[in-house]
Amino acid sequence: MDDKSGRLKKKRGVTRTSVTKICKAIETELTKTDVNVDALEEMLEQLAVESNELKNLDSQIEEFLSDDKLEKEVKEVAEYTQNIITWKFRATKKIRERTKNIDSLNVPSSCYKESSSNIKLPKLSISKFYGQSSLWLSFWNSFESAIHENDSLSEVSKFNYLKAHLGGSALSTIEGFALTPENYEIAIKLLKERFGRSDVLINTHLNNLLRICPLKNSDDIVSFRKMFDNIQTEIRSLESLNVLKETYQNLLCPLLLKCFPPDLVLEYNKSMKSDKYEINELVYFLSIQLKAKERSLMYASPVSSKKEKYSYPRYDSSSEKINNSRCFSSKRFSSSDLISSEVKTKTNACIFCNEFHAVGDCNYALSLSLEQRKKYCLKRLRVLFVQSHFILLNFVSQK
């Protein structure tokens, strides 16, 4: 046990050193008269990764601490957390100030055709591309139509716009090129070779389909709509890459069906016209089911009492039985909110493993005995109390 605790502390020491170096690098960059916004954004990405790693290590080390060492540990963690938040805020504020009045982040006005009615259209903003393969097609289609194919712009101007709309690994790919017409064509070629490879994009979209979040209950219309929209988005992306549905639908449909609750799978099997799976047929079935549920909700009676709650049994795929011992509560929304799919739910991290899921779904928590869970919860409460007390004292001292 001591060996594991020692290894975790050594690893945390290295991570803390890395966080400190990044914070000092941000501080140095902010003192310059000509702040490099791209460098700041890159440092913020690095700081986000290191801070998440540090948070996970802190949580693991807490399990090995005795109560007398807990207060000192919480104070150290709070100091590093405050330092990270401070430099994140200052760097973000500086980036906002630098980019607020820079027209280069917007599409030039020459991209628009003036209408005879003199209606002023809002400026079109193109999102930055940071190197995520699944977003390459969306970025390139926008940039190509607005900048790349704009004959009123010179090649050097297009290169400037390209660099302004790149960040992270995408910007690193073309970093160092001089602003010349020849280098602009080379930069476009490099970006397409790295992020626009059809095999990589196809693999990315297929993986996104295979990682679709399962739908636990067909009456959860918000999750149902979100899942359906994600499936359609990935399928449309594959179509834009000229991938024939016949090449993947026999494999994909059974895997997608595993992500749906048993009642929907049963209805789909009843509606199948043949023994062969077809992705169009599956999408059409899901569309009909979703629209029917949304229409039904429009005519549902309002909640008569605040005490009324709805819970749904959780399906256990391993035993193929309904497990009624653990149920999750579903928040009641209005029909217009659910149909528009704009309801935003708050998901808190699990107190046992810091992953984003319900405590009832935590495998680590379920592996503990009832007594172990009680002890762990009491220890977490003491940590939160000491932490909040320390932050309050620090806040009062700064007044």
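Is Asp 38 buried, partly exposed or exposed? Asp 38 turns out to be partly exposed, with a relative accessible area of 28%. Keep that residue in mind, since we'll come back to it. One thing to know before we go on: what you're looking at is a predicted model.

Let's start with the idea behind this tour. Side chains of opposite charge can pair when their charged atoms come close. In this structure there are 14 salt bridges, and we'll walk through some of them.

Take Glu 53 and Lys 11. These two form a salt bridge, and their closest N and O atoms sit 3.5 Å apart. How open are the two partners? Glu 53 has 29% relative accessibility, so it counts as partly exposed. Lys 11, with a relative accessible area of 46%, is partly exposed as well.

Back to Asp 38, then. Its side chain meets that of Lys 128 in a salt bridge, at 3.6 Å from N to O. This pair links distant parts of the chain: Asp 38 is in helix H2, whereas Lys 128 is in the loop between helix H3 (67–100) and helix H4 (136–148), 90 residues apart. Lys 128 is partly exposed, with a relative accessible area of 24%.

Is Glu 41 buried or exposed? Its relative accessibility is 15%, and buried means under 20%, so Glu 41 counts as buried.

Salt bridges can also join up into a group. Arg 12, Arg 16, Asp 58, Glu 73 and Glu 76 are linked in a network of them.

Finally, zoom out to a longer stretch. An unreviewed UniProt entry carries the annotation "coiled-coil region" for residues 30–67. What does the model show there?

Methods
Residues numbered from 1 in each chain as written. Predicted model: local features only at pLDDT ≥ 70, side-chain atom pairs only at ≥ 80, totals over all residues. Heavy atoms only, no water. Salt bridge = Lys/Arg side-chain N within 4 Å of Asp/Glu carboxyl O. Buried < 20%, exposed > 50% of the residue type's maximum accessible area, 1.4 Å probe, protein only. Helix = DSSP H or I, 4+ residues; strand = E, 2+ residues; numbered from the N terminus. UniProt positions renumbered as here; feature names shortened; annotations may be inferred.
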